Amino acid sequence: MEGYLRLKWGLVLLLGLCSCGKEETYRYDADSAVYHKFSGDLAMSHVAKLVEFGSRPAGSEALEASRKYLEAELDALGWKTQRQTFEDQTPANSKVTFVNLRARFAPEVADDLWKRSYGVLIGSHYDTKLYEDFEFLGANDSGSSAGALIEIARVLAERPVVAKACELVFFDGEEAFGENITDEDGLYGSRYFAKQLRKQDASQRPEQGIILDMIGDKNLNIGVPVDSPRALYDSLTKAAKDLGHSQYFGMHNSGIIDDHVPLNEIGIPTIDIIDLDFTLWHTAGDVLGAVSPDSLRIVGSTTLLMIEKYLLGGA
Ligand SMILES: [Zn+2]
């Protein structure tokens, strides 16, 4: 399976011609790799901005403000964005309008952009859980991963051949309106996204996916849910080992319901890189001070190396 995926990507990249007229091929080489350029401080500055918007539940004005912020940042980095807007029934608030934000790297005009095939989906939710009785800022959940994804966009832009093989997706409505995620409440954005992908031609679906969620805890302890595909977990742990970060990455003792689930259900192997071992999870204590730039850098650079070297680079 893995060999097939690589072969398929090799062919896709060979078909593309770069502006100089030469064939564009990609193989990992350490000298031109960009994973190490991920800045924890820059990622942190995005987390701080998102937190400044306040609580950002689905359908809120604060979430619209943060969406505009994401769009402006991505645009400035050479990524084109597309809003995937839809309505869904929620148990508490009846109908809510949700917006997934997709981004593809294309500094040039590209009419067929959203029809182009790509290899890796990198996703994070950007809504925060709705609480009526206190202001939930969600610095770690979901600020950390959304902020890191903008920094990933900046770093990838320095390596266009890799950036063009990726799509970034900011999922709305990961959080349930009720206490826990159920079949009808929560994962609104990723469920809708998967449903749309399923209708599309197989060539327009990503080969594989990575979800980032709650990656900023000072006491970093990534526990990949057991329902993540083993091959992707192996690529992650290899990248972590290369960087001397093995101690931060392990496997959780069970499955976790998160945005990787709807993608796996439609046959897109997707890993969830999450640290559920966060004592301030879904509390008023999830504020900026709970997020560490070092943790963002460790997860951000490891994820980038995983993509550059193992998922796309043929290592
Ligand atoms: Zn949450």
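User: Hi! Before we look at the strands, when do two strands pair?
Analyst: Hello! Two strands pair if DSSP finds at least two bridges between them. Keep in mind that this is a predicted model.

User: Got it. So how do β5 and β8 pair, and over how many bridges?
Analyst: β5 and β8 run in the parallel sense, with 5 bridges. In one of these, Ile211 has Asp272 in β8 as its bridge partner.

User: And what about β3 and β5, how many bridges there?
Analyst: Strand β3, residues 120-125, pairs with β5 over 4 bridges, in the parallel sense. For Leu121, the partner in β5 is Gly209.

User: Which residues sit on each side of β5?
Analyst: Gln208, Ile210 and Leu212 are on one side, while Gly209, Ile211 and Asp213 are on the other, and all are buried. In a regular strand, side chains alternate between the two faces of the sheet.

User: Where in the chain are Asp141 and His282?
Analyst: Asp141 is in helix α4 (residues 139-156), and His282 is in the loop between β8 and α9. The two are 141 residues apart, so this pair links distant parts of the chain.

User: Are those two buried or exposed?
Analyst: Asp141 is buried, at 3% relative accessible area. His282 counts as buried too, because its 16% is under the 20% cut-off.

Note on methods: Residues numbered from 1 in each chain as written. Predicted model: local features only at pLDDT ≥ 70, side-chain atom pairs only at ≥ 80, totals over all residues. Heavy atoms only, no water. Buried < 20%, exposed > 50% of the residue type's maximum accessible area, 1.4 Å probe, protein only.
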